[in-house]
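Trainee: May we go through this model together? I would like to start with the sheets and then turn to the ligand.

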Amino acid sequence: MALALCVESPSSKSESFCEFDVQRVTWRGDPSFFAYLSLMDLFNPNPHANLLPQDGEVIYYGPIIPVNRATAYFEDLFQNLPWKADEAILHGKHYVTDRKVVLMGDRPFVYRYSGVTKTALPWAEPVLELKQLAEKTTGHTYNSCLANLYHNGSESMAWHSDGERNLQKDGAIASVSLGAERKFSFKHKDTQAKVDVLLQHGSILVMKGTCQTHWLHRLPPTKKVQRPRISLTFRTIVE
Ligand SMILES: O=C(O)CCC(=O)C(=O)O
């Protein structure tokens, strides 16, 4: 069955009039906001395909939070989360980053990465709302979140995989992106194959399966981005 609709792209706020196959339409996002169809859904026959060619799964759901709502979340989290500089101990040297982080969780989990130990704070209400959206979207549950604040494109995250011992093995990690669009890259540990994806304002991505075992990921620095970005990376910590 064919249907003609006028749709609004949440990222560009532009409108398009188009005809499409009703079987392929997916309504996403919270119905209490305004419902919309992303142009990607209309023209991509398989919008939730695995981006990785082998050894793990990465699914990008695109900007599923309406722009105004995503901007309100960004401003709230930017102002109100108790951001602290991240730290790392690498080859015995102590580094303090300009990038800021906050760890939150269901309990005061102790999470160790890059040689430093963090204790989870209680959930901030908007982060809990976004956890529920990430769970509904990705079909997985999460008990903690490492939030990252990059003030501009000079702040980045180097190649790594999230294979810490106190993370659930092969567990899903969902990230909600708010603010400036940034490139996110994957590199296969053996073949060196590379995959890039642009993380848009209000988007959700999930890494799962054996992704952390076989692939590294990074948020590369860029001179093109002057605006801040927040990522909420939802995980499952095991005690
Ligand atoms: O900010 C991002 O989207 C990436 C964060 C990341 O790689 C991580 O938390 O492991």
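This is a predicted model: local features need pLDDT of at least 70, side-chain atom pairs count only at pLDDT 80 or more; totals for chains, interfaces and linings use all residues.

Trainee: How many bridges pair S11 with S14?

Mentor: Strand S11 (residues 182–188) and S14 pair over 4 bridges, in the antiparallel sense. Within that pair, Ser-185 is opposite Arg-218 of S14.

Trainee: And what is the order of the open sheet of 7 strands?

Mentor: The order is S3-S13-S10-S15-S8-S5-S4, with antiparallel pairing. Strand S3 (57–63) and strand S4 (84–90) are at the edges with a single partner strand each, so one side of each has no neighbour in the sheet. The twist from one strand to the next averages 30 degrees.

Trainee: Is strand S13 largely enclosed or open, and why?

Mentor: Strand S13 (residues 203–208) is largely enclosed by the rest of the structure, because 5 of its 6 residues are buried. S13 pairs with S3 over 6 bridges in the antiparallel sense, and there Tyr-60 has Leu-205 of S13 as its bridge partner. S13 also pairs with S10, again antiparallel, over 5 bridges.

Trainee: Which residue of S13 is the bridge partner of Ser-177?

Mentor: That is Ser-203. Ser-177 also has a bridge partner in S15, namely Ser-231. Strand S10 (residues 173–179) and S15 run antiparallel and are joined by 6 bridges.

Trainee: Now the ligand. Which residues are around it?

Mentor: They are Leu-146, Asn-148, Met-157, Asp-162, Ser-175, Phe-184, His-217, Leu-219, Ser-231 and Thr-233. Strand S8 (144–150), strand S14 (215–219) and strand S15 (229–235) are the elements that give two or more residues to this shell. Ser-231, the bridge partner of Ser-177, is one of the residues around the ligand.

Trainee: How do the shell residues divide into nonpolar, polar and charged?

Mentor: The shell has 4 nonpolar, 5 polar and 1 charged.

Trainee: Let us change topic to helix H3. What span should its residues give, and what do the end atoms show?

Mentor: Helix H3 (residues 125–138) has 14 residues, which at 1.5 Å a residue should span 20 Å, and the C-alpha atoms at its ends are 20 Å apart, in agreement.

Trainee: Which residues of H3 are buried, and where do they fall around its axis?

Mentor: Val-127, Leu-130, Lys-131, Leu-133, Ala-134, Thr-137 and Thr-138 are buried. Viewed down the axis of H3, the buried residues fall within an arc of 165 degrees, so they line one face of the helix. In general, an α-helix has 3.6 residues a turn, so residues three or four places apart point the same way.

Trainee: What follows H3?

Mentor: Gly-139 follows H3, and its phi is positive, near 75 degrees.

Trainee: What is the phi of Asp-55, and where is this residue placed?

Mentor: The phi of Asp-55 is near 60 degrees, a positive value in a residue other than glycine. Asp-55 is in the loop between helix H1 (39–43) and S3. Asp-55 has 16 other C-beta atoms within 10 Å and is partly exposed.

Trainee: And Asp-170, where is that found?

Mentor: Asp-170 is in the loop between S9 and S10. Its phi is near 55 degrees, again positive in a residue other than glycine. Asp-170 counts as partly exposed, with 14 C-beta neighbours inside 10 Å.

Methods: Residues are numbered from 1 along each chain as its sequence is written. A residue is near a molecule or strand if its C-beta atom, placed from the backbone, lies within 6 Å of it. Ala, Val, Leu, Ile, Met, Phe, Trp, Tyr, Cys and Pro count as nonpolar, Asp, Glu, Lys and Arg as charged, and the others, Gly among them, as polar. The expected span of a helix is 1.5 Å times one less than its number of residues. A residue is buried if 20 or more other C-beta atoms lie within 10 Å of its own, exposed if 12 or fewer, and partly exposed in between; C-beta atoms are placed from the backbone. The arc is that of the directions from the helix axis to the C-beta atoms. Two strands pair if DSSP finds at least two bridges between them. Axes are lines fitted to C-alpha atoms, for helices over the stretch in contact, and angles run from 0 to 180 degrees between N-to-C directions.
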